[in-house]
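User: I would like to learn how to read packing features in a protein model. Could you take me through some of them?

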Amino acid sequence: MDKLLTIVIPTYNMEDLLEHCLNSLIIASNLMEQLEVLVIIDGATDCSSEIAHKYEIIHPQTFRVIDKENGNYGSCINRGLQEAKGKYIKILDADDSFDNEALSTFIKSIKDTDYDLILTNYCLKNSYGHTTETKHFDIPFNTSLSSLMLSELGAHMAMHAVTYKTDNLRRIKYHQSEGISYTDQEWIFTPMTTVKTFTYIPICLYNYLIGREGQTMNFSNMSRNIHHNLTVMRTLIKTYTGTPNDSDIHEYLKNRIECLAEYIYTLYLYNMPKVDASQLADFDKELRDTCPPLHLYAATIRASRLPMVKMWRLLGYYTNDHGLHNFFRYRKYNPFK
């Protein structure tokens with residue numbers, strides 16, 4: 001390792017936002033020498049590659065552009081991890097950015113550390129650049145913490161907050177699912193099994209852009225790719241069931257996977273009016289065998305005052321999706337009906 005921090009930037013057709021992203025990484029030259037930025041061009045058809053190569057020419061000691069065939073988000077993470085020369089590794093989406101001053105502080109803060117995980121705050125920014133919310137953690141900061149303390153953070157974790165020790169991920173041969181969306185959930189799950197100690201630096205390093213048309217969290221994209229969530233969930237279940245119950249990180253994994261299960265079931269049965277619920281039915285039947293505790297937990301998920309999943313199962317996995325959506329939605333506004 002000859003760098004302190006590697007930043008991996010998965011990039012697909014981001015020509016309008018990429019310069020802002022890369023400019024956010026321009027800091028004092030002595031600090032940039034400790035920084036490696038891997039811009040992974042995922043078969044982009046716009047000018048993203050040309051833009052990135054300009055930064056590689058100006059700052060060759062920091063920026064490196066890797067042009068590859070399209071393989072979706074996870075393939076970029078896997079390539080970045082393969083190429084990384086930094087002691088630590090962090091992901092930055094091409095439509096997001098870092099705070100310049102916070103990045104300088106971050107590099108100075110981790111120079112002489114050896115933690116498995118470093119947590120930082122992140123800000124939600126709208127298209128006008130205004131901060132709408134700051135996400136932070138209510139834990140001791142700037143001190144060494146045990147992975148046991150992660151147990152209460154499972155429901156609130158996001159990829160924007162984490163920086164991992166690179167060697168840890170290579171040791172477990174971490175591989176993120178390719179060809180699908182929403183695999184950032186894997187990034188805050190499986191690598192956590194390597195964490196023994198971590199620290200929290202209370203700076204807002206990551207600026208997360210919200211409300212952009214074309215984001216994977218956009219309603220139309222979510223409707224089209226909702227089944228990707230189930231593929232990711234199956235991967236996480238393998239990690240969860242393969243981690244001993246008495247391990248320090250087990251409670252974190254439990255909280256995280258329960259949170260994700262609640263999100264997915266609610267998405268299918270309550271929030272998305274025109275999706276194929278039969279996919280969720282197949283998953284639910286699998287879950288009964290692969291992870292009985294999570295299957296049992298799913299029965300406690302509620303829509304308004306109704307036990308949503310429990311009723312759905314009693315209805316024989318009712319698949320008239322629009323009708324089922326309206327069934328729960330009607331009682332949201334008429335809870336005593």
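**Aromatic pairs, a buried glutamine and a helix crossing**

Analyst: Happy to. By the ring-pair rule, the count comes to eight aromatic pairs; rings of Phe, Tyr and Trp (its six-membered ring) pair if their centres lie within 6.5 Å, with planes under 30 degrees apart counted as stacked, over 60 as edge-to-face and the rest as tilted. Phe137 and Tyr200 are an edge-to-face pair, 5.7 Å centre to centre with 85° between the planes. This is a predicted model, where local features need pLDDT of at least 70 and side-chain atom pairs count only at pLDDT 80 or more, while totals for chains, interfaces and linings use all residues. Residues are numbered from 1 along each chain as its sequence is written, and side-chain values use heavy atoms, leaving out hydrogens and water.

User: Which parts of the chain does the pair of Phe137 and Tyr200 link?

Analyst: Phe137 sits in the loop between β7 (131-135) and β8 (145-146), and Tyr200 in strand β10 (residues 197-209), 63 residues apart. Helices (H or I, at least four residues) and strands (E, at least two) are DSSP runs, numbered from the N terminus. Both Phe137 and Tyr200 are buried, that is, under 20% relative accessible area with a 1.4 Å probe and protein chains only; exposed is over 50%, and partly exposed lies in between.

User: Why is the pair of Tyr164 and Trp187 edge-to-face?

Analyst: Because their planes stand at 75°, with ring centres 5.3 Å apart. Tyr164 belongs to strand β9 (residues 162-165) and Trp187 to helix α7, so the pair ties together parts 23 residues apart in sequence. Both Tyr164 and Trp187 are buried.

User: Why does Gln185 count as buried?

Analyst: Because its relative accessibility is 16%. Gln185 is found in helix α7 (residues 184-187). Beyond its neighbours within four places in sequence, Gln185 is in contact (heavy atoms within 4.5 Å) with Val232, Leu236, Arg256 and Leu260.

User: And how do I read two packed helices?

Analyst: Two packed helices are described by the angle between their axes and the distance between the axes. Here, the axes of helix α10 (residues 250-271) and helix α11 (residues 277-290) come within 10 Å and cross at roughly 145°. Axes are lines fitted to C-alpha atoms, for helices over the stretch in contact, and angles run from 0 to 180 degrees between N-to-C directions. On the α10 side, the contact is made by Ile264, Tyr265, Tyr268 and Leu269; α11 brings residues including Leu280, Phe283 and Asp284.
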